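Welcome! Let us take a friendly walk through one protein model and see what its atoms can tell us.

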Amino acid sequence: MKPYEVWEGDHFLYVSSWSDLGEASNEAECLNTTQDLGYFIRKINESGQYLDQSKW
């Protein structure tokens, strides 16, 4: 399981999963630059629960 997920914020749609926060950030930044739909990153733990960004 890859702990970092990129989501599209305007419609709250899942885009992709990444093992590395840096790679997930790069994808979200690139998508925001080209499409401007509010892409963001979520972190998921081993139990399948999403974590608040303040707890990363």
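## Getting started

Contact here means heavy atoms within 4.5 Å. With that in mind, and leaving aside neighbours within four places in sequence, Glu-8 is in contact with Leu-13, Val-15, Leu-37, Gly-38, Tyr-39 and Phe-40.

This is a predicted model, in which local features need pLDDT of at least 70 and side-chain atom pairs count only at pLDDT 80 or more, while totals for chains, interfaces and linings use all residues. Residues are numbered from 1 along each chain as its sequence is written, and side-chain values use heavy atoms, with hydrogens and water left out.

Helices (H or I, at least four residues) and strands (E, at least two) are DSSP runs, numbered from the N terminus.

Buried means under 20% relative accessible area, exposed over 50%, and partly exposed in between (1.4 Å probe, protein chains only). A salt bridge is a side-chain nitrogen of Lys or Arg within 4 Å of a carboxyl oxygen of Asp or Glu. For charge, Lys and Arg count as positive and Asp and Glu as negative, with His and the chain ends not counted. Glu-5 is buried but has no salt bridge, and the nearest side chain of opposite charge, Arg-42, is 5.5 Å away. Glu-8 is also buried without a salt bridge; for Glu-8 the nearest opposite charge, again on Arg-42, is 12 Å away.

What do these side chains reach instead? A polar contact is a pair of N or O atoms within 3.5 Å; within protein, one must be able to donate a hydrogen and the other to accept it, and residues adjacent in sequence count only if both atoms are side-chain atoms. The Glu-5 side chain makes such a contact with the side chain of Trp-7 (3.0 Å). The Glu-8 side chain reaches the backbone nitrogen of Asp-10 at 2.7 Å and that of His-11 at 2.9 Å.

## The nonpolar core

A nonpolar core is a set of buried Ala, Val, Leu, Ile, Met, Phe, Trp, Tyr and Cys residues joined through side-chain atoms within 4.5 Å. The largest one has 7 residues: Tyr-4, Val-6, Ala-24, Ala-28, Leu-31, Tyr-39 and Ile-41. E1, helix H1 (21-35) and strand E3 (39-44) each supply at least two residues of this core, and H1 gives the most, with 3 residues.

In soluble globular proteins, nonpolar side chains tend to be buried together.

## Aromatic partners

Rings of Phe, Tyr and Trp (its six-membered ring) pair if their centres lie within 6.5 Å; planes under 30 degrees apart count as stacked, over 60 as edge-to-face and the rest as tilted. By this rule there are 5 aromatic pairs. Tyr-4 and Trp-56 form an edge-to-face pair, 5.8 Å centre to centre with 70° between the planes. Tyr-4 lies in E1 and Trp-56 in the segment after strand E4 (50-51), so the pair ties together parts that are 52 residues apart in sequence.

Trp-7, Phe-12, Tyr-14, Phe-40 and Tyr-50 form one aromatic cluster.

Most residues other than glycine have a negative phi. Phe-12, in the loop between E1 and strand E2 (13-18), has a positive phi near 50°. Asp-36, in the loop between H1 and E3, also has a positive phi near 50°. Phe-12 is partly exposed at 45% relative accessible area, whereas Asp-36 is exposed at 61%.
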